[in-house]
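Colleague: I should be grateful for a close look at one part of this model, namely the packing of its helices. Please set out the conventions as you proceed.

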Amino acid sequence: MLGTQYPLLDIFWTMLEFFLFFIWIFLIITIFMDIFRSHDMKGFTKFLWVLFIIILPLLGALVYLIARGGSMHERSAQQAKQQEQAFQSYVRQAAGGSSADELAKLTDLKAKGAISDEEFEKAKAKILG
């Protein structure tokens, strides 16, 4: 009985609208996150972008993606890198190993001949960097 009142094509159309709506919400949230993570814009510029996207959502999102969409990935990658560095720093601190301890271990490995001079320099630069 349900199939005669609500055809299969209508079910697919409803599912498409449902998924497009959630993709739209995800896009708007991503744009807002990018606006607030961007350090090259001042507060008033951020306010104008947010206002533009709230008042004219479709046009605002499209204009933002055209104007600043190319650098969205760069800002996202930069934030991921900062989070990774903070995590690595926390892990080193929680493990109790300092840079001096790691350098001492590297020096011992080099003295024993387990690593070459080149490997020692790379690892040393990684620890100090």
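At what angle do helix α2 (residues 8–37) and helix α5 (residues 72–95) pack, and how far apart are their axes?

Modeller: This is a predicted model, in which local features need pLDDT of at least 70 and side-chain atom pairs count only at pLDDT 80 or more, while totals for chains, interfaces and linings use all residues. Residues are numbered from 1 along each chain as its sequence is written, and side-chain values use heavy atoms, with hydrogens and water left out.

Helices α2 and α5 pack at an angle of about 70°, and their axes are 10 Å apart. Helices here are DSSP runs (H or I, at least four residues), numbered from the N terminus. The axes are lines fitted to C-alpha atoms over the stretch in contact, with angles from 0 to 180 degrees between N-to-C directions. α2 and α5 are therefore roughly perpendicular to each other; the classes are roughly parallel under 35 degrees, roughly antiparallel over 145, roughly perpendicular from 65 to 115, and oblique for the rest. Their crossing is left-handed, a term for a near helix turned anticlockwise from the far one by less than a right angle.

In this contact (heavy atoms within 4.5 Å), Thr-30, Asp-34 and Arg-37 of α2 meet Met-72, Arg-75, Ser-76 and Gln-79 of α5. By class, the contact of α2 with α5 has one nonpolar, three polar and three charged residues. Ala, Val, Leu, Ile, Met, Phe, Trp, Tyr, Cys and Pro count as nonpolar, Asp, Glu, Lys and Arg as charged, and the others, Gly among them, as polar.

α2 also packs with helix α4 (residues 57–68), at an angle of about 55° and with the axes 11 Å apart. α2 and α4 are therefore oblique to each other, and this crossing is left-handed. From α2, the contact draws on Trp-24, Leu-27, Ile-28, Ile-31, Asp-34 and Ile-35, and from α4 on Pro-57, Leu-58, Ala-61, Tyr-64 and Leu-65. The residues of the contact of α2 with α4 comprise ten nonpolar, no polar and one charged.

As to confidence, the mean pLDDT (the predictor's confidence in each residue, from 0 to 100) of the protein chain is 87, and 95% of its residues reach 70 or more. Confidence is lowest in helix α1 (residues 2–5), at a mean of 61, and highest in helix α3 (residues 43–55), at 95. Where pLDDT is low, the predicted coordinates should not be read in detail.

Conventions
Helices (H or I, at least four residues) and strands (E, at least two) are DSSP runs, numbered from the N terminus.
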